[in-house]
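I opened my notebook today to look up a few spots in this structure. Here is what I wrote down, in the order I went through it.

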Amino acid sequence: MVNQSPKPEPLTARVAVHPIHDLLEYLVPENLREKVQPGTLVRVPLGKRENPGLVIELGAASGRKELRPILEVFREDPVINSELLELLRWAAGYYLAPLSSLVELALPPGLENPPPGEPRTHLFRIAEGLDPDKLLAQVQPSAPVQAEILQQLASSRELSLSDLPPERRTQYLRALREMKRKGWVRGFYREEELLAGAGVKELTSDQEKALAAIEAGLRAGIFETHLLFGVTASGKTEIYLRAAARALDAQKGVIILVPEIALVPQIAGRFRASFGAKVGVLHSGLPRRERIDSWVRIQTGQAPLVIGTRSAVFAPLPAPGLIVVDEEYDEAYKQEEGVRYNARDLAIVRGKLTGATVILGSATPALESFANAAAGKYHLLTLPSRVDGRTLPPVTVVDLRAANLGSDWTKNPLSPFLKERIAAHQKEGGKVILFLNRRGYSNSVLCQDCGQAIRCPNCSVSLILHKARKILLCHYCGFSIPPPDVCPACNSHRVRMFGVGTERIEEEMTRDFPGLSFRRLDRDTAHRIGAPARILRDFAAGGVEMLMGTKMVTKGHDFPGVSLVGVVLADLSLDLPDFRAAERTFELLAQVAGRAGRGEHPGEVVVQTFLPDHYAIDLARAQDYPAFYRAELESRKKFFYPPFSRLVQFLVSGVNAQKVEESSERLKEELEGKLTGGTTKPGKAVQVLGPAPAAYAKIRGRHRFQILIKYPPDFRIQAPLAKILELHPHRQLAAGVTFSVDIDPQSLL
Ligand code: ADP
Ligand code: ZN
Ligand code: ZN
């Protein structure tokens, strides 16, 4: 008799299926046994539908219930390796979020079914290291268009499809395709990258020291976090470049995170100049097809150097050895909906899980980060001065109370001094950045008879005039009405605009500086894919003399020609009822000031404010981060805020205000029962504060109450909170009343 091998035990898989909270169990059919592993992307039945899902773990069938089978495996190999899966699990536990939501963040939408064909490229350059003149000599006489293209590329270095005459597009595209096939030119998606020269030859001695410390950790292959505290234009990016080269040499992957999509083109250009095709870009602004393509190049090891925003912390690199978080203080690293994760913090966790080196870079570190460095948890590396002996630009504070503005700032938002400086810099050929953290034309429209501001019916905020679009717009829900001639409350004709926004400043500039060429960069001008990159490109290229706009103009950019930075109103972020208001203000001012004087021109900064004596503004003027850190730390200690405590915020919302309040009260009792044993002890115990109406008490028709938990940093809050959340699996407290949980909230608004 031949031995019959025993029939294998039935195998099951636990699968994360968005948006289901718990993992679902499926049977692994015989024919898929070889392929189904943790991290495999599969198709599973869910009710009457079929969904993509990610296999998390395998097990033997419990036999308790009839299981439905996995239907299909989408890609040959697991799309998420065990290291990344470990990170997703950790994050799900820490942020008290469904694992399926984290899987959703880590995979590009549509990965299971990518559209066929090649992603479209829109911008062409000569491949790195090739010389257009030499290529020209190789062109066949029968290919005149190729020769023409090479000539153009030799003079302009890049060719954008949108610049081509439409009647020659097909001809050009055919030639470009052929040149791409030969490896002569490279195509890029839209405005993904700005051109940059190769890196600098010699590091300063401060840079050398910092790099040496980073390299030591990289060589040892052990987890270590460095806080690279370097003033603006001290050459931090240069250190990232060198550290990345070391990691790649050691066959390790690199992730470079920047806080905003608008910052990607410039930094990607700098890395591309050194690392060519090894660079892969990953962010949510990429068109779907391009994003999948980029993700696959990263996952398969073709692009071991990833540049991206927040969610690129989940980049599927086979073996990350270096993770850089540039401008680590930036609140944009925190996702404010869905899974409320902080990519900076997860970068450190990922580093720990894989034994990677982590660099947090900033001129204005988050208070928590600097405190961690002071406590020895991070390794502090300092670049105290700008490269090439350039100095930090002097800052002049214009006191708007005293400045000769006539009676009303709204009428004259730019002081005579600031105007005079703009004119002077324009005359000398310097570039100007003008910053105001508010878009639109005016801040509010107010009736002078009844005193009512025109408010959004859905939200507890004023409507903002957008003059060019002829609407009053709510910046929270998008509600808009035509600007009324009379007050909706009392029919008075004396309705007036107060405050100014970027659109208004644009009008001022056009009127007072007719010869000045400028671009406005804010959410209104940047909503089209590639538009921010184009605006920044125009500014970098030389033709545009001034860039004005919201926070998007303040950060990270390295434009050597900028000699003047003007801040139209520094006070805006100070008025916010948030314990980080002073820190945010200091950061913004120090960052925007840091855009000036990065080239040959010595720079200059002018800050307009009604609060010149506030310590955040005064210390930003002095550009003294250590002094600001000390002052701010005092106040955090006094009020038991981070880094002395940690925070969790519950936000309860619903249409019926009374029900929201009642539910919030009940939730608070539950929280107190679990966390404080029924008593709120003073001092260092867990504190459950509220419920209180949120700073924006109503948004999109929903009333909002918040409960804030402050707890000592060594207390493990996840387990008791998870118990409470189990009682409310759908995050629902009553009919129509829901809530969200925010671990380590960045904003309490
Ligand atoms: P940061 O990232 O700190 O703002 P960057 O790395 O962008 O600073 O450097 C600012 C400018 O100084 C860049 O134009 C960069 O090319 C240049 N730079 C950096 N390091 C050096 C160096 N060692 N020598 C000369 N120039 C340098
Ligand atoms: Zn009125
Ligand atoms: Zn609204």
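Entry 1: I am working with a predicted model. I began with a contact in which Ala582, Glu583 and Phe586 of α15 meet Tyr625, Phe628, Glu632 and Arg636 of α17. I sorted the residues of this contact by type and got four nonpolar, three charged and no polar.

Next I wanted the geometry. Two packed helices are described by the angle between their axes and the distance between the axes. Helix α15 covers residues 581-593 and helix α17 covers residues 625-638. Their axes come within 11 Å and cross at roughly 170°. Angles over 145 degrees count as roughly antiparallel, and α15 and α17 are therefore roughly antiparallel to each other.

Entry 2: Which residues coordinate the zinc ion (ligand 2)? I found Cys447, Cys450, Cys487 and Cys490, each through SG, at 2.3 to 2.4 Å. Why is the arrangement tetrahedral? The four donor atoms subtend angles of 106 to 114° around the zinc ion (ligand 2), and this makes it so.

Along the chain, I read the donor spacing of this site as C-x2-C-x36-C-x2-C.

**Entry 3: another zinc site.** For the zinc ion (ligand 3), I listed Cys456, Cys459, Cys474 and Cys477 as the coordinating residues, again by SG, at 2.2 to 2.4 Å. The angles among its four donor atoms are 105 to 113°, and the site is tetrahedral. Here the donor spacing reads C-x2-C-x14-C-x2-C.

I placed Cys456 in the loop between β18 and β19, and Cys474 in the loop between β20 and β21. So this pair ties together parts that are 18 residues apart in sequence.

**Entry 4: the strands.** What is the strand order? I got β19-β20-β21, an open sheet of three strands with antiparallel pairing. The edge strands are β19 (464-466) and β21 (480-481), and each of them pairs on one side only.

I then looked at how β20 (residues 471-473) is joined to β21, and found two bridges between these antiparallel strands.

Definitions and conventions:
Residues numbered from 1 in each chain as written. Chains lettered and ligands numbered in written order. Predicted model: local features only at pLDDT ≥ 70, side-chain atom pairs only at ≥ 80, totals over all residues. Heavy atoms only, no water. Axes fitted to C-alpha atoms, helices over the stretch in contact; angles between N-to-C directions. Helix = DSSP H or I, 4+ residues; strand = E, 2+ residues; numbered from the N terminus. Parallel < 35°, antiparallel > 145°, perpendicular 65-115°, else oblique. Contact = heavy atoms within 4.5 Å. Nonpolar A, V, L, I, M, F, W, Y, C, P; charged D, E, K, R; others polar. Pairing = 2+ DSSP bridges. Donors = N, O, S within 2.8 Å, 3.2 Å for Na, K, Ca; no water. Tetrahedral: all angles 85-135°; square planar, octahedral: opposite > 155°, others 65-115°.
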